[in-house]
Amino acid sequence: MNGLDFPEISPIMFTIGPLAVRWYSMAYLFGILIGWFLLKRNVAKNNLGLSKENIEDLVFYITLGVILGGRFGYVLFYGQDTYLHNPLQIFAIWHGGMSFHGGIAGVILAMWYFSHKIKYPFLRLADLVVLYAPIGIFLGRLANFVNDELWGRPSDVAWAVKFPNGGYIPRHPSQLYEALTEGLLMFVILNLLWRSKTVRERKGTVAALFAVLYAVFRMSMEQFRQPDAQLGFIFGNVTMGQILSVPLLVAGLAVLSVKYLKPLWSRSA
């Protein structure tokens, strides 16, 4: 059987007595810490009107949004039957089960509340947050690979991996595809665009591009990813991840049209 052997990497990073620290949880932690550091530097460099205390509070609210939104999104979109029969399992986040789209919804609500609380433009806040969100996506997908989960569909490509939990069948390492596109590539694109003063001045542009790019990358990468076992394909070859990405795509395109096409229409009228 062709395919690369899955590397022998323990999902546990290290242990402290009875406490096992996993790569997945550390991916969240490092993503937040790196984003926090880069956000502080960006705010100071471009004089964006957020104090140190504002940034600390923002990170706290975003962390809550990611965890609560990600968990309840997973319950709603991917595990309704399971959790209807065992509702207490909703709170057992150490068993896994987080939805990126649910996390986005949670972060949007957190940013909306925080922007109103400190009277700071919501779209400017969104621009700042999405600049560093791809860091967490990148690390999270690498952790998915280490955890031997969310693997791809069977494949005969030279770099196919034989995942133990995937039946040792050569499969696309779709976690790595997503890490490179939704994580690394998107981080580079958004941060290069942020250097443009024109882009920075049009609040919401970077956030809208994040929504569009993530939707496009996610819907594309779902073609290589094995659908969730409890759901399968929703209809035809369409997966839940692709369906949930459509609202992001529509919202992002709508904001971009208002920011860029509407002024052009006004001039030509």
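This is a predicted model: local features need pLDDT of at least 70, side-chain atom pairs count only at pLDDT 80 or more; totals for chains, interfaces and linings use all residues.

Let me continue with the chain as a whole. It has 269 residues, and 43% of them are buried. Its secondary structure consists of nine helices and five strands. Read from the N terminus, the order of elements is β-β-β-α-α-α-α-α-β-β-α-α-α-α. As for contacts with a separation of 6 or more, 68% are made by residues 24 or more positions apart.

I turn next to a pair of strands. Strand β2, residues 12-16, runs antiparallel to strand β3, residues 19-22, and four bridges join the two. One of the residues involved is I16, whose bridge partner in β3 is L19. Together β2 and β3 form a hairpin, with two residues between the strands. In that turn, G17 has a positive phi of about 60 degrees.

My next topic is a helix pair. Helix α1 covers residues 23-46 and helix α2 covers residues 52-78. Their axes are 11 Å apart, and the helices pack at an angle of about 145 degrees. The crossing of α1 and α2 is right-handed. Which residues meet there? From α1 come Y28, I32, W36, L39, K40 and V43; from α2 come I55, E56, L58, V59, T63 and V66. Sorted by class, the contact of α1 with α2 comprises nine nonpolar residues, one polar residue and two charged residues.

K119 is not a glycine, yet its phi is positive, at about 55 degrees. This residue sits in the loop between α4, residues 100-118, and α5, residues 122-146. Is K119 buried or exposed? Its relative accessible area is 75%, so K119 counts as exposed.

The second case is L150, also not a glycine, with a positive phi of about 55 degrees. L150 is located in the loop between α5 and β4, the latter being residues 161-162. The relative accessibility of L150 is 27%, and therefore this leucine is classed as partly exposed.

Thank you for your attention; I would welcome discussion.

Methods: Residues are numbered from 1 along each chain as its sequence is written. Side-chain values use heavy atoms; hydrogens and water are left out. Axes are lines fitted to C-alpha atoms, for helices over the stretch in contact, and angles run from 0 to 180 degrees between N-to-C directions. A crossing is left-handed if the near helix is turned anticlockwise from the far one by less than a right angle, and right-handed if clockwise. Contact means heavy atoms within 4.5 Å. Ala, Val, Leu, Ile, Met, Phe, Trp, Tyr, Cys and Pro count as nonpolar, Asp, Glu, Lys and Arg as charged, and the others, Gly among them, as polar. Two strands pair if DSSP finds at least two bridges between them. Buried means under 20% relative accessible area, exposed over 50%, partly exposed in between (1.4 Å probe, protein chains only).
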